[in-house]
Amino acid sequence: VFPMTYLWILSGLMLLGIYLLRQGWFSGPIARIGYLFWGSLLLSSLAYGCSYGHSQLLQNLALVLVVMAAIPMALWFLQVIVRYCGNQPQRLKSLQAAGRVALTLYILQSVVGVSLFRSIAPELLLTMDFMDYLLLAVIWSGIQLVLARCYLHFFKQGPLEWLWRKLAYNQNGS
């Protein structure tokens, strides 16, 4: 059930971001950034505290709070990115590169994660806590940004993107 609910949450966040961009919300007062950040931090802290509760009710509440914290955090990131970029899209070349090889990075992330937690170091699942996972996610995201830029320096698209287009065009007779 989780992948299907998560898909709807992400879709809703993307639509909310598009709507707010068209309404000019991101060019509004800078004070919004602080409210969004502190609101998300408060909800995330509550979720973190609830996740350590021994009650099933607290565990479920933590999941709901994480989803709720995602909304102001996503808007905070968008606000910061829009303000940072302005009309200079070259400032986000690394993110643009990651977007061009998104399928390859997604599958690579899955392969690396499964390999790490199932084969290389399965004991990590028992020893890592929330902050360890967060640090691992941040480090891996940075590695992926660097990999995407380096790969696209030599090639026009990712290997899985190439394969996907090749299969799609061959099926259409093109």
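The questions below set computed values against the definitions behind the labels.

Q: What kind of model is this, and how are its residues numbered?
A: It is a predicted model, in which local features need pLDDT of at least 70, side-chain atom pairs count only at pLDDT 80 or more, and totals for chains, interfaces and linings use all residues. Residues are numbered from 1 along each chain as its sequence is written, and side-chain values use heavy atoms, with hydrogens and water left out.

Q: How many helices and strands does the protein have?
A: Eight helices and zero strands. Helices are DSSP runs of H or I with at least four residues, strands are E runs of at least two, and both are numbered from the N terminus. The order of elements therefore reads α-α-α-α-α-α-α-α from that end. Along its principal axes, the C-alpha trace spans about 55 × 50 × 30 Å.

Q: Why is the pair of F37 and W76 called tilted?
A: Rings of Phe, Tyr and Trp (its six-membered ring) pair if their centres lie within 6.5 Å; planes under 30 degrees apart are stacked, over 60 edge-to-face, and the rest tilted. Here the centres are 5.1 Å apart and the planes stand at 45°, so the pair is tilted. F37 sits in helix α2 (residues 31-51) and W76 in helix α3 (residues 56-85), 39 residues apart. Both also belong to one aromatic cluster with W38 and F77.

Q: What makes F117 and Y133 a pair, and why is the pair tilted or stacked?
A: Their ring centres are 6.1 Å apart, which meets the limit for a pair. Their planes are at 55°, so the pair is tilted. F117 lies in helix α5 (residues 102-120) and Y133 in helix α7 (residues 130-154), so the pair ties together parts that are 16 residues apart in sequence. F117, at 16% relative accessibility, counts as buried, while Y133, at 31%, counts as partly exposed.

Q: How many disulfides does the structure hold, and what makes a disulfide?
A: The structure holds zero disulfides. The label needs a pair of cysteine sulfur atoms within 2.5 Å. As for two of the cysteines, C50 is buried at 12% relative accessible area, and C150 is partly exposed at 43%.

Q: Why is T104 called buried, and which residues does T104 touch?
A: T104, in helix α5, has a relative accessible area of 16%, so it is buried. Contact means heavy atoms within 4.5 Å. Leaving out residues up to four places away in sequence, T104 touches G158, P159, L160 and E161.

Note on methods. Buried means under 20% relative accessible area, exposed over 50%, partly exposed in between (1.4 Å probe, protein chains only).
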